[in-house]
Amino acid sequence: MSLTLRTADVALAERFDYWRSVVCDAFVPLRAEPGEGDFHGELSTVRLGAVQLSSVEANAHTVRRTPRTIASSDRDYFKIGLQVRGYCVLTQDGREAPLTPGDFAVYDTTRPYSLSFDDTYRQLVLMVPRARLRLKPEEVARITAVRVSGRHGIGALVSPLLLRLADHFDEYESPAGPRLADNIVDLLVTLISGQLELDSPNPDSGRRALLIRITSFIESHLGDPDLGPETIAAAHYISTRYLHKLFSQEGTTVSALIRERRLEHCRRDLRDPLQLTRPVSAIAARWGFVDAAHFSRVFRSAYGASPREYRFTSEPFEGGVTLSAD
């Protein structure tokens with residue numbers, strides 16, 4: 001459900017204390033410091049599966065994620081802040097990202113950060129469980145508090161999409177919400193992977209860039225039952241031996257990654273209310289599992305239930321599955 005909270009609904013003297021509690025409840029525990037003059041703020045938020053999108057409008061103030069507030073909560077997220085109006089300075093990991101309308105940046109709730117607004121502003125905040133981005137935290141840490149323009153490249157796709165979502169919250173309170181969230185996360189993974197590839201001055205950047213291209217190729221060909229090391233290596237003009245070496249250095253295997261991503265897409269589809277009438281075997285085949293018995297075994301091993309049991313259980317599932325190398 002969408003929710004809107006306004007400081008105008010409380011007495012003037014209580015507004016900033018109310019705002020502090022609002023942002024802590026909506027996001028993660030934070031320290032909030034008011035600017036000058038009377039404070040006003042409004043926060044609207046909607047949940048799309050495991051993803052939360054919020055629109056924040058307020059005047060000058062600062063929020064800080066400190067070691068103390070981090071220790072008070074175990075909620076681990078990556079957040080993406082998109083500036084709509086006004087100006088913001090995001091600080092994390094020794095970097096500052098000055099955000100003007102259309103710009104956005106990534107930050108991590110497990111480490112200290114601050115957001116400083118010097119005047120009236122509007123910002124969209126997308127909050128994603130860290131496990132859902134399928135990227136190593138140490139990799140994302142390389143681009144936290146780095147300004148990304150919403151006017152060029154993939155950023156020009158992300159900004160309008162988030163704006164559209166934030167301006168039409170009520171339209172997305174439907175069974176399609178979790179599917180939409182999955183698409184948003186996939187787009188963000190593509191965006192961040194692209195930024196990592198561009199911003200890699202270290203000697204290992206060529207290997208990392210190749211690995212990003214390979215994982216993107218795997219993601220886009222999961223439905224092909226013949227997807228395997230030989231076809232992947234041939235598509236990237238490398239030997240299968242070198243392909244296996246790349247993944248070994250990541251502590252996994254090509255086959256494990258393919259299986260993990262296929263299972264995750266099957267899990268999503270099984271929980272999608274719009275696909276309740278679709279046979280389990282059809283969902284499995286869509287993502288490259290041609291042997292129904294094999295699919296049932298690996299699914300149960302990963303999620304602790306058969307595909308049919310999982311489809312109708314009421315237990316929520318927000319994380320990803322981690323498979324060991326084989």
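Biologist: Quick one to start: is alanine 145 buried or exposed?
Modeller: Alanine 145 counts as buried, at 2% relative accessibility. (Buried is under 20% relative accessible area, exposed is over 50%, and partly exposed is in between, with a 1.4 Å probe and protein chains only.) This is a predicted model, where local features need pLDDT of at least 70 and side-chain atom pairs count only at pLDDT 80 or more, while totals for chains, interfaces and linings use all residues. Residues are numbered from 1 along each chain as its sequence is written, and side-chain values use heavy atoms, with hydrogens and water left out.

Biologist: Good to know. Where does alanine 145 lie?
Modeller: In the loop between α3 (137–140) and β12. Helices (H or I, at least four residues) and strands (E, at least two) are DSSP runs, numbered from the N terminus. Alanine 145 also has a positive phi of about 55°, although it is not a glycine. Most residues other than glycine have a negative phi.

Biologist: And which loop holds aspartate 93?
Modeller: The loop between β7 (88–92) and β8 (95–99). Aspartate 93 has a positive phi of about 55° too, without being a glycine. With a relative accessible area of 34%, aspartate 93 is partly exposed.

Biologist: Let's do the sheet. In what order do the strands come?
Modeller: The order is β1-β3-β4-β11-β6-β9-β12: 7 strands in an open sheet, with antiparallel pairing. β1 (3–6) and β12 (148–149) stand at the edges with a single partner strand each, so one side of each has no neighbour in the sheet. Two strands pair here if DSSP finds at least two bridges between them.

Biologist: How many bridges join β4 and β11?
Modeller: Strand β4 (residues 51–58) and strand β11 (residues 121–129) pair over 7 bridges, in the antiparallel sense. Valine 56 stands opposite glutamine 123 in β11.

Biologist: Which strands does helix α1 touch?
Modeller: Helix α1 (residues 15–26) packs on the sheet and touches β1, β3 (41–48), β4 and β11, and its direction makes about 15° with that of β3. Helix α4 (residues 155–167) packs on the sheet as well, touching β4, β6 (77–85), β9 (103–108), β11 and β12, with its direction at about 100° to that of β11. Contact means heavy atoms within 4.5 Å. The axes are lines fitted to C-alpha atoms, for helices over the stretch in contact, and angles run from 0 to 180 degrees between N-to-C directions.

Biologist: How many residues of β6 are buried?
Modeller: 8 of the 9 are buried, so β6 is largely enclosed by the rest of the structure. β6 pairs with β11 over 8 bridges and with β9 over 5 bridges, antiparallel in each case. Leucine 82 stands opposite leucine 124 in β11, and in β9 its bridge partner is phenylalanine 104.

Biologist: Switching to α8: which residues there are buried?
Modeller: Leu243, Leu246 and Phe247 are buried in helix α8 (residues 240–248). Seen down the axis, the buried residues of α8 fall within an arc of 90°, so they line one face of the helix. That arc is taken from the directions from the helix axis to the C-beta atoms. The face of α8 turned away from the buried side carries the exposed residues Arg241 and Ser248.

Biologist: Now rings. How many aromatic pairs does the structure hold?
Modeller: The structure holds 9 aromatic pairs. Phenylalanine 295 and phenylalanine 299 form a tilted one, 5.7 Å centre to centre with 55° between the planes. (Rings of Phe, Tyr and Trp, with its six-membered ring, pair if their centres lie within 6.5 Å; planes under 30 degrees apart count as stacked, over 60 as edge-to-face and the rest as tilted.)

Biologist: How many residues apart are phenylalanine 295 and phenylalanine 299 in helix α11?
Modeller: They are 4 residues apart in helix α11 (residues 292–303), separated by about one helical turn. Phenylalanine 295 is buried at 3% relative accessibility, and phenylalanine 299 is buried at 0%. The rings of tyrosine 303 and tyrosine 310 are tilted as well, with centres 5.6 Å apart and planes at 40°. Phe289, Phe295, Phe299, Tyr303 and Tyr310 form one aromatic cluster.

Biologist: What sits over the ring of tyrosine 310?
Modeller: The charged end of arginine 271, 4.2 Å from the ring centre. (The criterion is NZ of Lys or CZ of Arg within 6 Å of the ring centre and within 35 degrees of the ring normal.) Tyrosine 310 counts as buried at 5% relative accessibility.
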